[in-house]
Amino acid sequence: MKTKIYNFKNIIEYKDLEEASSIIKNGGLVAIPTETVYGLAADGLNPEALEKIFIAKNRPMDNPLILHISDIFQVYELTKDVKETDIEILKKLWPGPLTVILNRSDIVPDEVTAGLDTVAIRMPDNKITRSFIKICDTPLAAPSANLSTKPSPTTADAVYEDMNGRIDAIIDGGPCTIGIESTVLDLTEEAPKILRPGYYTKEMLEKYWEIVYIDLGLNDKNITPKSPGQKYKHYAPNAEVLVLIGDDDSFRKEVNKLLLENESKKIGLMVFDNDKKLYNNKDVIYMGEKEDLSYMGKILFDSLRKMDENGVELIIVRGVEEDGYGLSIMNRLKKAASQNVRRI
(Lines give C-alpha, C1' and ligand atoms only; values in the text may rest on other atoms or scores of the structure.)
Protein backbone atom coordinates (compact mmCIF):
# COMPACT_ATOMS: atom_id res chain seq x y z
CA MET A 1 0.00 0.00 0.00
CA LYS A 2 1.30 3.47 -0.91
CA THR A 3 0.24 6.15 1.53
CA LYS A 4 -0.92 9.33 -0.23
CA ILE A 5 -0.39 12.77 1.34
CA TYR A 6 -2.87 15.61 0.81
CA ASN A 7 -1.27 18.98 1.61
CA PHE A 8 -3.73 21.36 3.25
CA LYS A 9 -1.23 23.58 5.09
CA ASN A 10 -1.93 26.62 2.91
CA ILE A 11 -5.39 26.11 1.43
CA ILE A 12 -8.31 23.69 1.79
CA GLU A 13 -8.92 21.94 -1.54
CA TYR A 14 -12.44 20.55 -1.40
CA LYS A 15 -11.83 18.28 -4.40
CA ASP A 16 -9.04 16.63 -2.40
CA LEU A 17 -11.34 16.33 0.63
CA GLU A 18 -13.89 14.64 -1.61
CA GLU A 19 -11.23 12.25 -2.91
CA ALA A 20 -10.04 11.45 0.63
CA SER A 21 -13.64 10.97 1.77
CA SER A 22 -14.07 8.25 -0.88
CA ILE A 23 -11.32 6.32 0.95
CA ILE A 24 -13.35 6.49 4.18
CA LYS A 25 -16.57 5.54 2.38
CA ASN A 26 -14.82 2.52 0.88
CA GLY A 27 -13.61 1.32 4.28
CA GLY A 28 -10.10 2.78 4.21
CA LEU A 29 -7.95 4.72 6.70
CA VAL A 30 -7.03 8.42 6.53
CA ALA A 31 -4.92 10.31 9.08
CA ILE A 32 -6.49 13.64 10.01
CA PRO A 33 -5.19 16.78 11.77
CA THR A 34 -6.81 18.06 14.96
CA GLU A 35 -5.83 20.74 17.45
CA THR A 36 -4.55 18.03 19.84
CA VAL A 37 -2.76 15.28 17.85
CA TYR A 38 -3.22 13.65 14.45
CA GLY A 39 -5.90 10.97 14.42
CA LEU A 40 -6.18 7.77 12.39
CA ALA A 41 -9.69 7.92 10.97
CA ALA A 42 -12.08 5.29 9.71
CA ASP A 43 -15.86 5.18 9.24
CA GLY A 44 -17.02 5.00 12.85
CA LEU A 45 -20.07 2.91 11.92
CA ASN A 46 -18.26 0.35 9.74
CA PRO A 47 -16.98 -2.62 11.81
CA GLU A 48 -14.64 -3.88 9.07
CA ALA A 49 -13.04 -0.46 8.66
CA LEU A 50 -12.69 -0.12 12.44
CA GLU A 51 -10.79 -3.39 12.65
CA LYS A 52 -8.22 -1.93 10.24
CA ILE A 53 -7.41 0.79 12.79
CA PHE A 54 -6.42 -1.81 15.40
CA ILE A 55 -4.31 -3.69 12.85
CA ALA A 56 -2.52 -0.57 11.54
CA LYS A 57 -1.69 0.65 15.05
CA ASN A 58 -1.07 -2.76 16.70
CA ARG A 59 -3.69 -1.55 19.17
CA PRO A 60 -5.36 -3.89 21.70
CA MET A 61 -9.02 -4.49 20.80
CA ASP A 62 -10.20 -3.69 24.35
CA ASN A 63 -8.92 -0.11 24.06
CA PRO A 64 -11.99 1.95 23.03
CA LEU A 65 -12.00 4.50 20.22
CA ILE A 66 -13.28 8.08 20.12
CA LEU A 67 -15.93 9.10 17.59
CA HIS A 68 -15.30 12.51 16.01
CA ILE A 69 -18.30 14.54 14.86
CA SER A 70 -18.83 17.78 12.94
CA ASP A 71 -22.17 18.83 14.46
CA ILE A 72 -23.36 18.62 18.04
CA PHE A 73 -26.71 17.18 16.95
CA GLN A 74 -24.91 13.98 15.94
CA VAL A 75 -24.70 13.27 19.67
CA TYR A 76 -28.41 12.38 19.62
CA GLU A 77 -27.81 9.70 16.96
CA LEU A 78 -24.85 8.13 18.74
CA THR A 79 -26.05 8.24 22.35
CA LYS A 80 -29.09 7.86 24.55
CA ASP A 81 -30.21 9.38 27.84
CA VAL A 82 -28.01 12.43 27.32
CA LYS A 83 -28.85 15.30 29.69
CA GLU A 84 -29.93 18.52 27.99
CA THR A 85 -27.97 20.48 30.59
CA ASP A 86 -24.82 18.70 29.40
CA ILE A 87 -25.65 19.46 25.76
CA GLU A 88 -25.99 23.16 26.59
CA ILE A 89 -22.56 23.12 28.24
CA LEU A 90 -21.01 21.23 25.31
CA LYS A 91 -22.27 23.93 22.97
CA LYS A 92 -19.91 26.27 24.85
CA LEU A 93 -16.92 23.89 24.96
CA TRP A 94 -17.17 22.41 21.44
CA PRO A 95 -15.51 22.46 19.04
CA GLY A 96 -12.53 21.88 21.28
CA PRO A 97 -10.18 19.43 23.03
CA LEU A 98 -12.85 17.70 25.12
CA THR A 99 -14.07 14.12 24.73
CA VAL A 100 -17.19 13.07 26.63
CA ILE A 101 -18.32 9.59 27.65
CA LEU A 102 -22.06 9.01 27.16
CA ASN A 103 -24.39 6.01 26.96
CA ARG A 104 -24.18 4.57 23.45
CA SER A 105 -27.04 4.12 21.04
CA ASP A 106 -27.65 0.90 19.12
CA ILE A 107 -25.99 2.17 15.91
CA VAL A 108 -22.52 2.36 17.53
CA PRO A 109 -20.48 -0.80 16.80
CA ASP A 110 -18.81 -2.82 19.55
CA GLU A 111 -15.47 -2.20 17.82
CA VAL A 112 -15.74 1.47 18.86
CA THR A 113 -16.70 0.85 22.47
CA ALA A 114 -14.80 -2.40 23.18
CA GLY A 115 -18.23 -3.86 23.97
CA LEU A 116 -19.07 -1.32 26.67
CA ASP A 117 -22.45 0.40 26.99
CA THR A 118 -20.74 3.79 26.68
CA VAL A 119 -19.16 5.70 23.79
CA ALA A 120 -16.54 8.48 23.67
CA ILE A 121 -17.36 11.47 21.44
CA ARG A 122 -15.70 14.77 20.57
CA MET A 123 -15.95 17.61 18.06
CA PRO A 124 -12.43 18.72 17.07
CA ASP A 125 -11.50 22.38 16.72
CA ASN A 126 -9.98 21.99 13.26
CA LYS A 127 -11.86 23.35 10.25
CA ILE A 128 -10.23 20.94 7.81
CA THR A 129 -11.23 17.90 9.82
CA ARG A 130 -14.74 19.12 10.61
CA SER A 131 -15.26 19.76 6.88
CA PHE A 132 -13.88 16.29 6.17
CA ILE A 133 -16.24 14.62 8.66
CA LYS A 134 -19.17 16.45 7.10
CA ILE A 135 -18.19 15.34 3.58
CA CYS A 136 -17.69 11.75 4.78
CA ASP A 137 -21.25 11.91 6.15
CA THR A 138 -20.39 9.64 9.07
CA PRO A 139 -18.72 10.00 12.47
CA LEU A 140 -15.03 9.17 12.27
CA ALA A 141 -13.37 6.89 14.80
CA ALA A 142 -9.88 8.32 15.21
CA PRO A 143 -7.32 7.31 17.84
CA SER A 144 -3.88 8.91 17.58
CA ALA A 145 -2.21 8.10 14.24
CA ASN A 146 0.87 6.36 15.63
CA LEU A 147 1.98 2.83 16.38
CA SER A 148 0.68 1.86 19.81
CA THR A 149 3.01 2.80 22.71
CA LYS A 150 4.89 5.40 20.58
CA PRO A 151 4.62 9.17 21.20
CA SER A 152 1.49 10.59 19.60
CA PRO A 153 2.07 12.44 16.30
CA THR A 154 1.62 16.21 16.14
CA THR A 155 2.80 16.60 12.53
CA ALA A 156 2.03 14.78 9.28
CA ASP A 157 5.72 13.81 9.06
CA ALA A 158 5.44 11.95 12.36
CA VAL A 159 2.35 10.14 11.07
CA TYR A 160 4.21 9.18 7.90
CA GLU A 161 7.12 7.83 9.96
CA ASP A 162 4.83 5.36 11.75
CA MET A 163 2.08 4.74 9.20
CA ASN A 164 3.62 4.84 5.73
CA GLY A 165 2.41 1.73 3.92
CA ARG A 166 -0.08 0.90 6.69
CA ILE A 167 -2.82 3.41 5.80
CA ASP A 168 -4.30 4.86 2.62
CA ALA A 169 -3.72 8.59 3.09
CA ILE A 170 -2.67 11.47 5.35
CA ILE A 171 -4.26 14.92 5.38
CA ASP A 172 -1.42 17.32 6.23
CA GLY A 173 -2.92 20.30 8.03
CA GLY A 174 0.33 21.50 9.60
CA PRO A 175 1.47 21.12 13.22
CA CYS A 176 -1.13 20.62 15.95
CA THR A 177 -1.68 23.69 18.09
CA ILE A 178 -2.18 21.99 21.50
CA GLY A 179 -0.05 18.85 21.20
CA ILE A 180 -1.52 16.45 23.77
CA GLU A 181 -4.74 14.49 23.55
CA SER A 182 -8.14 15.77 24.60
CA THR A 183 -9.47 15.71 28.13
CA VAL A 184 -11.85 12.75 28.54
CA LEU A 185 -14.84 13.50 30.78
CA ASP A 186 -17.30 10.79 31.86
CA LEU A 187 -20.85 12.20 31.90
CA THR A 188 -22.64 8.92 32.64
CA GLU A 189 -22.43 9.17 36.43
CA GLU A 190 -23.98 11.53 38.97
CA ALA A 191 -21.11 13.99 38.70
CA PRO A 192 -18.65 14.42 35.79
CA LYS A 193 -15.35 12.59 36.14
CA ILE A 194 -12.07 13.18 34.28
CA LEU A 195 -10.70 9.86 33.00
CA ARG A 196 -7.83 11.36 31.00
CA PRO A 197 -6.52 14.89 31.67
CA GLY A 198 -5.89 17.23 28.75
CA TYR A 199 -6.09 20.89 27.82
CA TYR A 200 -9.36 21.37 29.72
CA THR A 201 -8.39 21.09 33.38
CA LYS A 202 -10.57 20.29 36.39
CA GLU A 203 -10.52 23.97 37.32
CA MET A 204 -11.67 25.05 33.85
CA LEU A 205 -14.47 22.46 33.71
CA GLU A 206 -15.77 23.44 37.15
CA LYS A 207 -16.76 26.76 35.64
CA TYR A 208 -19.48 24.79 33.82
CA TRP A 209 -20.22 21.83 36.12
CA GLU A 210 -20.50 22.42 39.87
CA ILE A 211 -18.01 19.70 40.75
CA VAL A 212 -15.72 17.53 38.62
CA TYR A 213 -13.91 14.47 39.95
CA ILE A 214 -10.67 12.93 38.67
CA ASP A 215 -10.10 9.20 38.10
CA LEU A 216 -7.03 8.56 35.97
CA GLY A 217 -6.49 4.82 36.33
CA LEU A 218 -8.03 1.41 36.66
CA ASN A 219 -7.73 -0.44 39.96
CA ASP A 220 -8.40 -3.73 38.17
CA LYS A 221 -6.35 -4.16 34.98
CA ASN A 222 -8.77 -6.87 33.83
CA ILE A 223 -11.50 -4.26 33.40
CA THR A 224 -12.07 -2.76 29.96
CA PRO A 225 -11.34 1.00 30.20
CA LYS A 226 -14.01 3.57 29.31
CA SER A 227 -11.35 5.89 27.95
CA PRO A 228 -8.17 5.56 25.89
CA GLY A 229 -5.04 6.17 27.96
CA GLN A 230 -6.25 4.45 31.13
CA LYS A 231 -4.75 0.99 30.77
CA TYR A 232 -1.88 0.48 28.34
CA LYS A 233 1.65 1.81 27.93
CA HIS A 234 1.62 5.03 25.93
CA TYR A 235 3.78 7.80 24.49
CA ALA A 236 7.12 5.99 24.93
CA PRO A 237 10.17 6.76 22.76
CA ASN A 238 12.86 4.14 22.18
CA ALA A 239 15.19 5.91 24.60
CA GLU A 240 15.00 5.55 28.37
CA VAL A 241 13.16 8.49 29.93
CA LEU A 242 13.84 9.93 33.40
CA VAL A 243 11.65 12.71 34.78
CA LEU A 244 13.06 14.88 37.57
CA ILE A 245 10.93 17.23 39.68
CA GLY A 246 12.55 19.83 41.93
CA ASP A 247 13.71 23.41 42.33
CA ASP A 248 16.26 24.98 39.98
CA ASP A 249 19.36 24.25 42.07
CA SER A 250 18.39 20.67 42.89
CA PHE A 251 17.55 19.95 39.26
CA ARG A 252 20.85 21.33 37.92
CA LYS A 253 22.93 19.47 40.51
CA GLU A 254 21.16 16.19 39.76
CA VAL A 255 21.52 16.63 35.99
CA ASN A 256 25.24 17.41 36.26
CA LYS A 257 25.68 14.33 38.45
CA LEU A 258 23.82 12.15 35.92
CA LEU A 259 25.87 13.53 33.03
CA LEU A 260 29.08 12.54 34.83
CA GLU A 261 27.75 9.10 35.80
CA ASN A 262 26.60 8.36 32.25
CA GLU A 263 29.47 9.72 30.17
CA SER A 264 29.32 6.72 27.86
CA LYS A 265 25.66 7.36 26.98
CA LYS A 266 24.22 9.90 24.59
CA ILE A 267 21.98 11.99 26.82
CA GLY A 268 19.26 14.40 25.78
CA LEU A 269 17.74 17.10 27.97
CA MET A 270 14.24 18.59 27.86
CA VAL A 271 14.36 21.69 30.05
CA PHE A 272 12.81 25.14 30.40
CA ASP A 273 14.05 28.39 28.90
CA ASN A 274 15.51 29.59 32.19
CA ASP A 275 17.92 26.61 32.03
CA LYS A 276 19.57 27.95 28.85
CA LYS A 277 23.38 28.08 28.67
CA LEU A 278 23.70 25.79 31.67
CA TYR A 279 24.52 22.66 29.70
CA ASN A 280 27.06 21.99 26.97
CA ASN A 281 24.95 19.14 25.67
CA LYS A 282 23.94 19.63 22.03
CA ASP A 283 20.84 17.44 22.49
CA VAL A 284 18.87 20.01 24.47
CA ILE A 285 15.27 20.98 23.76
CA TYR A 286 13.85 24.04 25.48
CA MET A 287 10.18 23.81 26.42
CA GLY A 288 9.32 27.46 27.03
CA GLU A 289 8.65 29.17 30.36
CA LYS A 290 7.86 26.93 33.32
CA GLU A 291 5.20 29.45 34.39
CA ASP A 292 3.25 28.73 31.17
CA LEU A 293 3.09 25.03 30.25
CA SER A 294 1.19 25.47 26.98
CA TYR A 295 4.36 25.40 24.86
CA MET A 296 5.68 22.38 26.74
CA GLY A 297 2.44 20.54 25.96
CA LYS A 298 2.58 21.59 22.32
CA ILE A 299 6.08 20.20 21.69
CA LEU A 300 6.18 17.33 24.21
CA PHE A 301 5.56 14.40 21.87
CA ASP A 302 7.49 15.92 18.98
CA SER A 303 10.47 16.44 21.30
CA LEU A 304 10.47 12.79 22.39
CA ARG A 305 10.42 11.74 18.75
CA LYS A 306 13.30 14.10 17.90
CA MET A 307 15.39 12.60 20.68
CA ASP A 308 14.93 9.18 19.10
CA GLU A 309 15.85 10.58 15.68
CA ASN A 310 19.09 11.92 17.20
CA GLY A 311 19.99 8.53 18.66
CA VAL A 312 19.65 9.66 22.28
CA GLU A 313 19.85 6.79 24.80
CA LEU A 314 18.67 8.60 27.94
CA ILE A 315 16.23 11.54 27.96
CA ILE A 316 16.17 13.63 31.12
CA VAL A 317 13.01 15.73 31.35
CA ARG A 318 12.28 18.50 33.79
CA GLY A 319 8.97 17.55 35.35
CA VAL A 320 6.31 19.84 36.80
CA GLU A 321 3.87 19.86 39.68
CA GLU A 322 0.63 17.95 39.10
CA ASP A 323 -1.84 20.78 39.31
CA GLY A 324 -3.77 22.54 36.56
CA TYR A 325 -2.30 21.75 33.16
CA GLY A 326 0.66 20.19 34.94
CA LEU A 327 -1.52 17.16 35.73
CA SER A 328 -2.04 16.57 32.00
CA ILE A 329 1.66 17.04 31.20
CA MET A 330 2.77 14.66 33.95
CA ASN A 331 0.15 12.09 32.98
CA ARG A 332 1.90 11.79 29.60
CA LEU A 333 5.42 11.98 30.99
CA LYS A 334 4.84 9.26 33.59
CA LYS A 335 3.70 6.90 30.86
CA ALA A 336 6.50 7.90 28.50
CA ALA A 337 8.96 7.22 31.33
CA SER A 338 7.27 4.00 32.52
CA GLN A 339 6.81 5.75 35.90
CA ASN A 340 10.57 6.53 36.11
CA VAL A 341 9.92 9.82 37.95
CA ARG A 342 12.01 11.18 40.83
CA ARG A 343 11.45 14.10 43.15
CA ILE A 344 14.79 15.68 44.05
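In strand S6 (residues 118–122), Thr118, Ala120 and Arg122 point one way while Val119 and Ile121 point the other, and all are buried, that is, under 20% relative accessible area with a 1.4 Å probe and protein chains only. In a regular strand, side chains alternate between the two faces of the sheet. With 5 of its 5 residues buried, S6 is largely enclosed by the rest of the structure. Strands here are DSSP runs of E of at least two residues, numbered from the N terminus.

The model is predicted: local features need pLDDT of at least 70 and side-chain atom pairs pLDDT 80 or more, while totals for chains, interfaces and linings use all residues. Residues are numbered from 1 along each chain as its sequence is written, and side-chain values use heavy atoms, without hydrogens or water.

S6 has two neighbours to meet. Strand S5 (residues 98–103) pairs with S6 in the antiparallel sense over 4 bridges, with Ile101 partnering Ala120; pairing requires at least two DSSP bridges between the strands. S4 runs parallel to S6, joined by 3 bridges, and here His68 partners Arg122.

UniProt, in an unreviewed entry, places a "binding site" at Thr36, His68, Arg122, Ala142 and Ser182; such annotations may be inferred rather than shown by experiment. These residues span 147 residues in sequence, yet no two of their C-alpha atoms are more than 12.7 Å apart, so they gather at one spot. His68 is buried at 4% relative accessibility, and Arg122 is buried at 2%. Beyond its neighbours within four places in sequence, His68 is in contact with residues including Arg122 and Ala142, contact meaning heavy atoms within 4.5 Å.

Key. Buried means under 20% relative accessible area, exposed over 50%, partly exposed in between (1.4 Å probe, protein chains only).
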